[in-house]
Amino acid sequence: MNKATLASALGSPSAFGQSQFAFMRGNAFEARVKADGGAELLRLVHERLDPGAVPPQGAAVPDLTAVGPEGRAARTALALREATEAGAWTLLDHPLLALDVAGSPAFLEPDAVVVHPDGSWTVVEIKSFPMLDGSADAAKVGAAARQAAVYVLALEQVANRLGADRLGADRVVAEPQGRAQISNVRHRILLVCPKDFSNLPAASAVDVRKQRSVTRRQLDRLTRIEDIADSLPDGTCFAPDLPAADLTAAVESVPATYAPECLATCELAFHCRARSRADGAVTSLGRSLRAELGGLTTVDDVLAAARGTTGDPTDPAVAALRRAAELRAEALGSRSPGHDRSLDHKGTPCP
Amino acid sequence: MSLITTLARLEAVDTGRAQPLATVRHRHLSERPLVFVPLTTAGEAGAPLGALVGTDRDAPRLLVVPQPRDRDLRFTFLAELADVVLPYVDAYGDAVEAAERSETDPETGKRVKVEVELCADAPQLIVPSRAGIDFVRLLGRSMRFRRTAEQDPETPHPAPPRVPLLGRWLTHFGERARVPGSALLLALTDVLSRHWATGQSSLEDQHLGALLAWIAPPEGEPGAEAALRAELQRDAKGQLLCPPAGPATDPAFDNKLLAPAIERYDRARTALGAAEDGLEADDRLGELTAAEQHIRDLVESRTRPTWDAVWRGLDLLRGLPEGAHAADRWTRDRWSFTGHRDGVLAGEPPQPRRDDAVTAANKLATREREQARLEAQEALDDPLVMAGRRLAGEAFAGEVTDVVMAYSESKRPSPRPLVTIRTDDRPHLGERAKVYRSLGGKPQSAEFVEYVEREDGDGDGDGDGDRVRGRGEDGGADAGTDADEAAAGLSVVLRIVDKMGRGKEPEPGSVPEKGDQICFTLFEHEQRGGAKLPDPEETPWTHGGPPTESTEAAEATGATGRTGAAAAALPEPDPVTEEDLL
């Protein structure tokens, strides 16, 4: 399902898009890094992650083209196995990995995966934001690390499957929780960025263990997609050509909890925001607000409680709200019209 | 976010208009600020696309880079920017007043007062949003290590003369903007959202158009609708009516309007280069000029709405009276400006790529101290901010119900009057906790003695009711956890300990009187400096040892593979690649 089309059909189109300048720059930089059979890229991997190994010379770059995502993923797995067995530097340019997300496979395409001579695998992430004097924008690095962590997880699944093929099914079952720990996927990924204001590549190893475990926990906890589908009323359909009202009802039937952070990531965020505002949910003003307001979740409830018309005065949240409202009114009340504050409060600025 | 701010946001949702978060303006605004509305090329680092800049709201200077990938055109842009910014900055460097600063005498090691110059006023740069501050830093970083032909005749791509200097100034502005409460470089969205709470999240407040829509919605329209329009409404060509405040542009603008215009410009330039005779060249020059003008119009159409919005925002801020302590913080900005001016005049090298350990520690300590100072001063200047501190139990206000004269038990007894204050606040007072109030602009301290249960509805209680609450921590129960108790209220007994003069009798006006409304804070009003750090040459080995020339030089040699006599005096420029494809 294309969420962007769906959002447009709902009347709240998403505002995502990529400028062709950024797109061109990203592609040009990636091509430059991978130029010449990936010589520069492998040199960086060798220098930053595996200085003990033999220096790479003319690495293998297997052809990964195949028909359809399944075909490409299978081709990638095959290439990974061959490269691991060969024990030589290998660059996999845009491999395709399958990751099981909530019961359905998702296909992922890392910028590159490098196979080391010792048979271990490294995810390479090429980004076009600059590394200035050795440091890059923390938010962007964080996003890149989270992205790479997903690739690491997907690679681990590939490793598991390959391991199962190689070692027979017994060993996999013998592992606790049925999850084989095959450690040839490195947990330090290589982030490649332009150096300063040039287009020369600079690389840094980023440890993604934390992001990897966070992502894994989130993936494990995701409600399985069949369960969500089961909970929907029969006949729910998200086809964008449906009338807006039907479509809205269909989207409403899937529970969503909007918070302002959604705006940065989700195509449907403007739709959810409109609904959330219409409901008067306080979360639409920020998650942190919820913490102070106890059981009060709507704007009207909170304001009524603050004004003393509703709410239980022994509830600490309500009592604190009333006190806050009182103090606020007192501070603002002293600013009556025609009353020059700056003079009045000279010397004793607080009442 | 404190509960008072939260409440203000909810009220804004309810009323459809932003609600005040401050009753005074907590930042100094210059009479003549320099507004800078930059745009950058998507995906590139330090490749500006254009800017509006100037001090006159009706006559901004439009600067445009018709092809952001062309190094020469970028240099032209930066040189033009330097022509606007540097004269503005220099104008403030000339007017000085005499001031005193204490310095350590190098021979005796004592602190002595020295007469120095302090610039009477300082320049002020205003950018629309926080991203603009980052962009100023980035521009500064990209320029300050450039070499001009005069500095190094062999440099492959010499920068125009004043560009490295502009880089140093922009770096200074960007660095200063990290100091809390400073006003040399301000992001308008930050300042506006400091003074008004909107009915949207702080994330959405970073959109200047939406923020202004909440603060000053058009007649008869609720803020939420106006903000939504500012955020999302597009014209028939799919362009945002209220373009983003930059420096990033809207992808739809890049793809639909800018990219074709730049392509046309490139074509015209190639054609001009290929022209065979003068007549043909004239025609093609005309086409090139037209193509360039088209890009200029496009850039202006994206920056002008933001430019006007910035000035509207400044008008709104000027509507608030300036807080009493904002001038004090502006004086610190003037010191900072004067210091950098002196550094430039003395021929110091540009700010290093990375600070040494001592400089970095000093900067952090300054920021922490200024943060504490800002919080204290804002509360003292503004009852609404103080209300937040009172709610948090960090201050209390009330009426003096009793004053009992008492004396210290030393050989020369000094006045230590006991003051009883009736308050509805719930301060978290520990045993003998120190509290402060402002007396003629100076802090007077007092010591907490005990809580006294207030007699019901008795306005002029004699101050020694049942002393059941005892001393110390138990009184610091969370505000509002027990509503009944809050309703009953408390009286706090304090012992005033200073600012009463040297005599046996306190100086008139230095002790509160019965019936006075006063406010005490648990936080200090003035910040003390921390322990002095060693000079950079004395950096201990635990912190990397003294900075050495060799590390810098080695790095530079490694990067560019060249050394020279000239390189020793100046930090190495960034490596440049021959072709200029960013």
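Visitor: How many residues does the contact take from chain A and from chain B?

Guide: Please keep in mind that this is a predicted model. The contact takes 54 residues from chain A and 62 residues from chain B. A pair counts as being in contact because the C-beta atoms, placed from the backbone, lie within 7 Å.

Visitor: Which helices supply at least two residues each of the side of chain A that touches chain B?

Guide: They are helix H2 (20-49), helix H10 (287-292), helix H11 (299-307), helix H12 (316-333) and helix H13 (341-344) of chain A. H12(A) gives the most, with 12 residues. By residue type, the side of chain A that touches chain B divides into 30 nonpolar, 15 polar and nine charged.

Visitor: Let us stay with helix H2 of chain A, where A:Asp36 lies. Why does A:Asp36 count as exposed?

Guide: A:Asp36 has 11 C-beta neighbours inside 10 Å. The cut-off for exposed is 12 or fewer, so A:Asp36 counts as exposed.

Visitor: And what is there to say about the phi of A:Asp36?

Guide: Phi of A:Asp36 is near 60 degrees, a positive value in a residue other than glycine. Most residues other than glycine have a negative phi.

Visitor: Where is A:Asp196 found, and why does A:Asp196 count as buried?

Guide: A:Asp196 sits in the loop between strand E6 (188-194) and E7 of chain A. A:Asp196 has 22 C-beta neighbours inside 10 Å; buried requires 20 or more, so A:Asp196 counts as buried. Phi is positive for A:Asp196 too, near 45 degrees.

Visitor: Which strands of chain A form the open sheet, and in what order?

Guide: The open sheet has five strands in the order E1-E4-E5-E6-E7 (chain A), with mixed pairing.

Visitor: What makes strand E1 (90-93) and strand E7 (201-207) of chain A the edge strands?

Guide: Each of these two strands pairs on one side only. Across this sheet, neighbouring strands are turned by 25 degrees against each other on average, direction ignored.

Visitor: How do you know that strand E4 (residues 112-115) and strand E5 (residues 121-126) of chain A pair?

Guide: Four bridges join E4 to E5 in chain A. Pairing takes at least two bridges, so these strands of chain A, which run antiparallel, count as paired. A:Val115 stands opposite A:Trp121 in E5(A).

Visitor: Into which domains is chain B divided, and what separates their centres?

Guide: Chain B is divided into domain 1 (3-231 + 239-247 + 301-351) and domain 2 (395-521). The centres of domain 1 and domain 2 of chain B, taken over C-alpha atoms, are separated by 44 Å. Of the 582 residues of chain B, 40% count as buried.

Visitor: Which residues have the most contacts inside the largest nonpolar core?

Guide: They are A:Val302 and A:Leu321, in a core of 139 residues. Helix H9 (residues 278-318) of chain B gives the most to this core, with 10 residues. Domain 1 and domain 2 of chain B each provide at least three of the core's residues.

Visitor: Leaving aside neighbours within four places in sequence, what is A:Leu321 in contact with?

Guide: A:Leu321 is in contact with A:Val302, A:Ala305 and A:Ala306, and with B:Leu3 and B:Leu7. Another core, of 50 residues, lies apart from the largest one, and includes A:Ala144, A:Ala149, A:Leu190 and A:Val206.

Terms used
Residues are numbered from 1 along each chain as its sequence is written. Chains are lettered from A and ligands numbered from 1 in the order in which they are written. This is a predicted model: local features need pLDDT of at least 70, side-chain atom pairs count only at pLDDT 80 or more; totals for chains, interfaces and linings use all residues. Two residues are in contact if their C-beta atoms, placed from the backbone, lie within 7 Å. Ala, Val, Leu, Ile, Met, Phe, Trp, Tyr, Cys and Pro count as nonpolar, Asp, Glu, Lys and Arg as charged, and the others, Gly among them, as polar. Axes are lines fitted to C-alpha atoms, for helices over the stretch in contact, and angles run from 0 to 180 degrees between N-to-C directions. Domain bounds come from an automatic or database domain assignment. A nonpolar core is a set of buried Ala, Val, Leu, Ile, Met, Phe, Trp, Tyr and Cys residues joined through C-beta atoms within 7 Å.
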